[in-house]
Amino acid sequence: MKNIRIVIILVSIIAFTGCKNASNQTDETTEEVKTPVTITHISNAPISESISLNATSSYQVKNIVKASVTGYIEKSLIHIGDYVQAGKTIFAIITKEADALKNYSGKDSLMQFKSSLTIAATISGIITEVNKQQNDFVTEGDQLAVIAQQSSFVFMLNVPFELNKYAAIGTSCNVFLPDSTIIKGVISSKLSMVDAVAQTQSYIIKISSNTKLPENLLATVQLFKNTKPTAQVIEKSAVLSNETMESFWVMKLINDTTAVRVPVNKGIVTEDKIEILSPIFNESDRILNSGHYGLADTAFVSVGK
């Protein structure tokens with residue numbers, strides 16, 4: 001009988017110890033299933049949906065400088081890329097007769113030629129071509145240079161015909177240059193022709209900047225499709241979806257350790273933001289921003305800083 005009591009006591013001790021260890025393991029397991037996450041908040045802010053199209057810089061007005069007489073270029077005072085003001089002398093030409101008789105000017109006072117004929121720029125602009133150099137022979141009417149009028153500088157925007165409703169005349173837009181410079185522009189007019197192959201129509205964008213830019217510069221133009229002055233906006237990474245991108249949801253904290261799935265309807269989507277059409281959230285609501293991928297409808301989480 002005494003031995004039986006001892007056995008019973010030992011079994012009881014072992015059972016108690018096992019329950020305690022199981023309890024400790026359960027607590028440890030509960031701690032391990034908490035997923036570390038970070039949070040974000042809904043904000044009420046403006047949001048815009050935009051499209052990006054290619055554009056090329058161009059000068060609409062170009063003035064061709066021509067020789068007014070037949071002779072030799074005595075002086076060429078310009079180079080490609082120079083900016084000239086209207087009225088500035090850019091070439092000096094000596095006629096072939098004067099050039100032939102200049103060796104006799106010292107012997108005969110009747111053969112004195114004191115100056116050559118000068119040619120001035122008729123418009124202010126940038127020299128895009130120089131066709132004749134010093135000592136070149138030219139005939140009357142020969143092209144000497146080309147001046148692009150600075151005020152005629154525009155970007156030619158190529159718009160697919162199905163998107164022309166977003167490129168109405170008078171529409172403001174942003175022009176992104178290759179060096180990351182952003183210039184404000186306005187669509188001023190369009191060409192009455194569509195490219196037969198690409199089915200794109202050219203629109204003319206006038207820019208507000210006086211920066212001297214080269215011709216044939218490739219840029220990207222941002223046109224706004226839809227703009228809302230205020231909307232429920234959240235970071236794009238906070239919104240999850242199924243494989244077919246048909247349903248969307250966020251994970252919302254209902255207390256410090258529990259997050260639940262909340263289906264949402266999205267509106268405008270930008271590069272880093274999404275508009276939430278419904279439901280209506282409070283700005284104090286805590287929405288999971290990372291660590292939420294693959295969580296169940298209700299999940300235990302650990303919020304990190």
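Student: Which residue does arginine 286 meet in a salt bridge?
Tutor: Heads-up, this is a predicted model: local features need pLDDT of at least 70, side-chain atom pairs count only at pLDDT 80 or more, and totals for chains, interfaces and linings use all residues. Residues are numbered from 1 along each chain as its sequence is written, and side-chain values use heavy atoms, leaving out hydrogens and water. A salt bridge here takes a side-chain nitrogen of Lys or Arg within 4 Å of a carboxyl oxygen of Asp or Glu. At 3.2 Å, N to O, the partner of arginine 286 is aspartate 256.

Student: How many residues apart are the two in the chain?
Tutor: Strands are DSSP runs (E, at least two residues) numbered from the N terminus; helices are runs of H or I, at least four. Arginine 286 is in the loop between β19 and β20, and aspartate 256 is in the loop between β17 and β18. The pair links distant parts of the chain, and the separation is 30 residues.

Student: Is aspartate 256 buried or exposed?
Tutor: Buried means under 20% relative accessible area, exposed over 50%, and partly exposed is in between (1.4 Å probe, protein chains only). Arginine 286, at 26%, is partly exposed. Aspartate 256 has 55%, so the label is exposed.

Student: What is the N to O distance between lysine 228 and glutamate 275?
Tutor: Lysine 228 lies in strand β15 and glutamate 275 in strand β19, so this pair ties together parts 47 residues apart in sequence. Lysine 228 is partly exposed at 25%, whereas glutamate 275 is buried at 5%. Their side chains meet in a salt bridge at 2.7 Å.

Student: Which aspartate pairs with arginine 261?
Tutor: The closest N and O atoms in this salt bridge are 3.2 Å apart. Arginine 261 is in strand β18 and its partner in the loop between β20 and β21, so parts 36 residues apart are tied together. The partner is aspartate 297.

Student: How are the rings of tyrosine 59 and phenylalanine 153 arranged?
Tutor: Rings of Phe, Tyr and Trp (its six-membered ring) pair if their centres lie within 6.5 Å; planes under 30 degrees apart are stacked, over 60 edge-to-face, and the rest tilted. The whole structure has three aromatic pairs. In this one the centres are 5.1 Å apart and the planes at 65°, so the arrangement is edge-to-face.
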